[in-house]
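Open the model in your viewer and show it as a cartoon.

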Amino acid sequence: MNRPQIGIATDGAHSIKNGLTRYRAVDIATGKELFCVHLGNQTINIGEFLGVVEAVKYIITNNYQPRIIYTDSMTAIAWFNARKTASGKKLTALKKAEIFLKTFAAGIKDIEVKHWDNRLWGEIPADFNEK
């Protein structure tokens, strides 16, 4: 499969040194950053998952086409598909994300969340380039 040319790429980043977790999304076709959110000190999995959920909201709000989101996080994909996280953290943003996914289930069933294969395609376009 060739490197995707359209859709939304999301990524999270967590700096232990700075105690900072962030996530963002980029339009793959244009390279334009769609959003970037700072979460404070959380985990990489939380950042990756919330990035996917925020991208779902972006698609709905902006009638974005195609309705495809890419992430390099298998955990974020699993949590999205389950509409529930496995995080033990008591974070309001996580609870709100779960409620959103369950409440809007009918409206988001045609949104695809796919795995970005860094090995085949290089770093995901939303990568923070901090490795």
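Start with contacts (heavy atoms within 4.5 Å). Of the contacts in the protein with a separation of 6 or more, 63% are between residues 24 or more positions apart.

This is a predicted model, in which local features need pLDDT of at least 70, side-chain atom pairs count only at pLDDT 80 or more, and totals for chains, interfaces and linings use all residues. Residues are numbered from 1 along each chain as its sequence is written, and side-chain values use heavy atoms, with hydrogens and water left out.

Next, colour by secondary structure. Helices (H or I, at least four residues) and strands (E, at least two) are DSSP runs, numbered from the N terminus. The protein has 5 helices and 5 strands, and from the N terminus their order is β-β-β-α-β-α-α-α-β-α.

Now select the C-alpha trace. Along its principal axes, the trace spans about 40 × 40 × 25 Å.

Then select residues 44-62, which form helix H1.

Across the protein, buried residues make up 49% of the 131 residues.

Last, select Asn63. This residue comes just after H1 and takes a positive phi of about 50°.

Key:
Buried means under 20% relative accessible area, exposed over 50%, partly exposed in between (1.4 Å probe, protein chains only). The expected span of a helix is 1.5 Å times one less than its number of residues.
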